[in-house]
Amino acid sequence: MVDAALVVSNLAYGVLLGCVFAVIAHGLNLIWGVTKVVNVAHGEFIMLGAYGAYFFNVWFGASPLVIAPVDAAIGLAVGFAFYFGFLHRELKGKETIGLQSEMVTLVATFGLGLAISNAAVRVFKGDPRAVRWDPGAIDIGFMTLPLGGLYVAILSILIIAASHVFLTRTYLGNAIRAYSQDISAAQLIGVNPTYVAAIATAIGFSITMAGGALLTVWVPTGIDPYLGHLYAPISFVIVVLGGPGRMWGSLVGGLTMGIVIDVVQAVSSVSVAYATAFFLLIPVLLIKREGMQ
Amino acid sequence: MKVSLYPGPALYLVVGIFGGLAAVGPLLLLGFGSVVTTLLIYMALAYSLNLITGLTGYVHFGHVIFMGIGAYALGVTASAFRLDPLPGVLLGASLGFAFAVGIGLVTLRFRGAYFAIASLVLVLGTQNAILAIPQLGEGRGIFLNFGSFQPLSHYYTIWAIVFIEAFLTYWIKRGRIGYGIRALKGDEDAARALGVDAARLKLVLFSLSGLFAGAAGAVYAWTTSNLVPPVNFAIRFSLLMLAMIIIGGLGTDLGPLIGAAIVYLLSYVFATTPLLIGFDLIVIGVLVTVMALFLPQGIVGMVRERVPSLRKVLE
C-alpha cells in the first residue's frame, strides 16, 4: 500500500524543485525563442550566477533572494557582451538563421563554455562551496517543506510571470515577439532588429544568472565549477518540453522535470531518476515532431 | 561496377603520411613511448567524428558513447572471457556500429540544434544509466590485466584504424555518395528535392563513425588497462573530439589528423609543464571559439585560402 502522505510530499518537493528548474531554463528559452540560437554555454552562466551568490553571501552575508537581482544586473551586461561578441556576426542582416550559422553558433558557444568552466576551476578551485542560508522549514499538517525552496519557487514564478507581462503588455516586448516571428515584417513596422535581439539576449542572460543564484538553495552540498554540466542539459530538456519561445513553457517543462526526478528518485535511485529525465527528451521530441523534417 | 580509388595528389599525401607512420612506428615508440599510440587514438576519434559532423554539419556531442561502448566491449571480453584483445576491438567496432544505427535511426531525424541537444542529453542519460547498473562496476570501473604490455600491437592496430578512416574519408568525399553529402550539407531540403536520400546517407555516415569510434575506444581501453565510467563516458572526450576537428578543419581529409595533433600536443605540453597545469582546456576552448567565429574552415581551410598552390594536395 502506497502511503498517500508520502506521495503528496514527494509531489510537493518535485513542484518546488520544478520551479527552480523552470527559472534556470527560462533565460535559455527566451534567447532560443527570439534569436533561434541555442547557447551551449548556458550552464556556465548558471554556474557564474551561482558563484555570484556564493561570494555575495560570504562578503555581505546576503541571502540568494537578495543576490538574485544583483546577479540579474550583472547578467544584463554579460548578455549584451555575449550578443555583440557572438551572435551579432551571425544574425545581422539575416531573415532566418541558416543551418550553417546555427552550426557556427553551436560550436562557438561550445568553445566558450569549455573555456569558462575550466577557467572557473582555476579561479574558484574545484571544491564545493555551500551558500549559507537556511530560513528553516514550514510544517503543513503531514509534511514539512523547506522555506528556502518555497521562497525560491515563489520568486521563480514571479520572474516568469513578469517576463510574460513584459512580452505581451509593453511596446518593447511586442517588438521582441514580432522579431521572433518574422524579422523582415518586424523591420517593416519600424523595429530595429539588432536592438531588439540584443535586449532579448541581455534579458535572457540576466534571468539565467539570477536563476543560478536561486539554484544555490537547492545545492546544499555546495556548488562547483562543473555545476553547468548537469543543469544545462536539464534546461535543454525543459525548453524542448515547453517549446522554445513560450514563456509558460518553462514552467510546464520545469515542473515536469522536477516531478519526474523527484518521484523516480523516491522509488529507485538518483541515477535512475536523472537517466529517466534525460531520456524523456527523445519521446517528447518524437511526439511533438519539433525540429524534425 | 567499377570501383575507382579516385587517385590524386591528396590521396598520395594521405598514403605517404601513413606509409611513413608505419615505417617509423617502432622508432617513434622507442623515442616517445606510448604517447604516440595515444596520439593515434585521438586521431582515430577525430576522424570518426569528422565522418558525421565534418561531412554533414550535424554537431554531435554524444560521440563518447560509442567510444565508451567499444571500451566496455573490450573490457568485458578480456576480463570475463579471457579473449585476446583483437577480437575485443572487432567486437567494440561492431557494437559501436550497432548502437550508432540504433541511436541514429531516432536522433538523425532531428535537425540542427535539436540533434546537437539530443546527443548531449543522451550522453548524460547513458552516464546515469551506467551508474545504476551494478554489473558495469557501478562507477568503480573494471581493471584489465593483459599479462604483458604490447606497445607494438597497440600501435599497429590503431594505425590500421586511422589509415582506414583517412582513406574512407577521402573516398567517400569523391564518390557519387560524396555529391549527395555535399548537397545535404549545403541545404538538406533542396538536396531531398533533388532526389538525394538524405536519411540513408546520414545513417550510413553516422553508423560508420560509430564503428570507428567503437574500435578506437576498444584500443583505448586496451592501452590504459582500466575502465572507469566517469572517464570513458566523460563528456570531456566528446568535447576534445569536437575541438580537434574544428581546429583542424571540418570535413577535410587531413583536418582531423592536424587538429588531433594540435589538441593532443597542447594538452600534453600543458599537463607536463608545472606552471601551466589545468590551463589546457581553457586555451582549447578559446581556440575553438575563435576558429568557429573567424576561421570556420579550420587550419586546413585557412592554408587552402592563403596558399592556392596547395589546394590540390590539401583537400
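Reader: What should I know about the model and its numbering before we start?
Author: This is a predicted model, in which local features need pLDDT of at least 70 and side-chain atom pairs count only at pLDDT 80 or more, while totals for chains, interfaces and linings use all residues. Residues are numbered from 1 along each chain as its sequence is written, chains are lettered from A and ligands numbered from 1 in the order in which they are written, and side-chain values use heavy atoms, with hydrogens and water left out.

Reader: How do you know how many helices and strands chain A has?
Author: Helices (H or I, at least four residues) and strands (E, at least two) are DSSP runs, numbered from the N terminus. Counted in that way, chain A has 12 helices and 2 strands, and their order along the sequence is α-α-α-α-β-β-α-α-α-α-α-α-α-α.

Reader: What makes chain A as compact as a globular protein of its length?
Author: The radius of gyration is taken over C-alpha atoms, and the globule rule is 2.2 Å times the number of residues to the power 0.38. For the 293 residues of chain A the rule gives 19 Å, and the radius of gyration is 19 Å, so chain A is as compact as a globular protein of that length. Its C-alpha trace spans about 60 × 45 × 35 Å along the principal axes.

Reader: How do you know whether chain B is as compact as a globular protein of its length?
Author: Chain B, with 14 helices and 2 strands, has a radius of gyration of 19 Å, which is close to the 20 Å that the globule rule gives for 315 residues, so chain B too is as compact as a globular protein of that length. Along its principal axes, the C-alpha trace of chain B spans about 50 × 50 × 45 Å.

Reader: Why is His63(B) called buried?
Author: Buried means under 20% relative accessible area, exposed means over 50%, and partly exposed is in between (1.4 Å probe, protein chains only). The relative accessibility of His63(B) is 0%, and therefore His63(B) counts as buried. This residue is found in helix H3 (residues 63-80) of chain B, a chain in which buried residues make up 56% of the 315 residues.

Reader: Is Ala108(A) buried or exposed, and how do you know?
Author: Ala108(A), in helix H4 of chain A, has a relative accessible area of 1%, which is why Ala108(A) is called buried. Among the residues that Ala108(A) touches are Phe86(A) and, from chain B, Thr289(B), Ala292(B) and Leu293(B).

Reader: Why is Asp127(A) called partly exposed?
Author: The relative accessibility of Asp127(A) is 39%, so Asp127(A) counts as partly exposed. Asp127(A) has its place in the loop between helix H4 (99-124) and strand S1 (137-140) of chain A. Its side chain is joined to that of Arg129(A) by a polar contact of 3.4 Å, and, not counting residues up to four places away in sequence, Asp127(A) touches Tyr51(A) and Ile223(A).

Reader: What makes the phi values of Lys36(A) and Lys125(A) worth a remark?
Author: Most residues other than glycine have a negative phi. Lys36(A), however, has a positive phi near 65°, and Lys125(A) has a positive phi of about 70° although it is not a glycine. Lys36(A) lies in the loop between helix H1 (4-35) and helix H2 (42-60) of chain A, whereas Lys125(A) lies in the loop between H4 and S1. With 34% relative accessibility, Lys36(A) counts as partly exposed, and Lys125(A), with a relative accessible area of 48%, is partly exposed as well.

Note on methods. Contact means heavy atoms within 4.5 Å. A polar contact is a pair of N or O atoms within 3.5 Å; within protein, one must be able to donate a hydrogen and the other to accept it, and residues adjacent in sequence count only if both atoms are side-chain atoms.
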